[in-house]
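Hello,

I am passing a structure over to you. Please open it first, then read the notes below it.

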Amino acid sequence: MSKCRVLVLMLLLLSSAAFADSFLGQASVIDGDTLEIHGKRIRLWGVDAPESTQLCRGEDSLQYRCGSKAANDLDAYIARRPVNCVPLSLDRYGRTVATCSVAGRDLGEWLVRNGLALDWPQYSKGRYHEAQREAERAGEGLWKGSYVEPWLYRACIRASGNPSACSDDANAHP
């Protein structure tokens, strides 16, 4: 076996071992779908929460900072309890992508069920689809008013949009 091939196999084994270990500790909420535990950024798998600068419209049609609400509500839910995260991969920014839970409750599912984040089927393969349907039927969180999907909001911002203009557009959900 070539040295290069041995090196690649060793790297794969090391990275697999790194993903086998879970993180347990007090989490800081960075935004609605990102935590930090022991100085390590962790992106919640399978969900997408509004960005911190993103605006949504409530049932009164007034804009509110839905990204900040998602982060604040997640922080209140965690309430300094230990968070357990099981790493699955790394994203393109080098963050660990993981499923995380508090007292056995999946944080991604909690966010979606409360209308604070959306199921991201591109990654979740529909794992949170039913929780999202229930949130929509109940008019929870984002489903009380209108919003732009976070992935479309980010694309608009990258195309030189501003937060207010990118939060309200023809793609907004009623």
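Here is what was found, region by region.

Start with confidence. This is a predicted model. The mean pLDDT of the protein is 88, and 86% of its residues reach 70 or more. Residues 4-19 are another matter: there the pLDDT is below 50. Beyond near neighbours in sequence, that stretch has six contacts in the model.

The largest nonpolar core holds 29 residues. Leu35, Leu74, Ile78, Val83, Cys85, Cys100 and Leu107 have the most contacts inside it. At least two residues of this core come from each of strand S1 (23-31), strand S2 (34-37), strand S3 (40-44), helix H2 (66-78), S7, S8 and helix H3 (107-113). H2 gives the most, with five residues. Apart from this core lies another, of seven residues, among them Cys56, Cys66, Leu118 and Ala135.

Have a look at Cys85. Leaving out residues up to four places away in sequence, Cys85 touches Ser22, Phe23, Leu35, Ile37, Ile42, Ala98, Thr99 and Cys100.

Now the strands. S2 and S3 run antiparallel and pair over four bridges. Glu36 stands opposite Arg41 in S3. Their hairpin has two residues between the strands, and His38 takes a positive phi near 50° there. S3 also pairs with S8, this time in the parallel sense, over three bridges. In that pairing, Arg43 faces Val97 in S8.

Those two residues come up again at Asp91. Asp91 sits in the loop between strand S7 (82-90) and strand S8 (96-102). Is Asp91 buried or exposed? Its relative accessible area is 19%, so Asp91 counts as buried, the cut-off being under 20%. Setting aside neighbours within four places in sequence, Asp91 is in contact with Arg43 and Val97. A polar atom of the Asp91 side chain also lies 2.9 Å from the backbone nitrogen of Tyr93.

Last, helix H5, residues 129-138. Which residues of H5 are buried? Ala131, Gln132 and Ala135 are. They cover an arc of only 100° around the axis, so they lie on the same side of H5. The general rule is that an α-helix has 3.6 residues a turn, so residues three or four places apart point the same way. H3 and strand S10 (118-119) are included in what covers the buried residues of H5. Just after H5, Gly139 takes a positive phi of about 65°.

Best wishes

How values were computed: Residues numbered from 1 in each chain as written. Predicted model: local features only at pLDDT ≥ 70, side-chain atom pairs only at ≥ 80, totals over all residues. Heavy atoms only, no water. Buried < 20%, exposed > 50% of the residue type's maximum accessible area, 1.4 Å probe, protein only. Polar contact = N/O pair within 3.5 Å; in protein donor to acceptor, adjacent residues only side chain to side chain. Contact = heavy atoms within 4.5 Å. pLDDT = per-residue confidence, 0-100. Core = buried A, V, L, I, M, F, W, Y, C linked by side-chain atoms within 4.5 Å. Arc of directions from axis to C-beta. Pairing = 2+ DSSP bridges.
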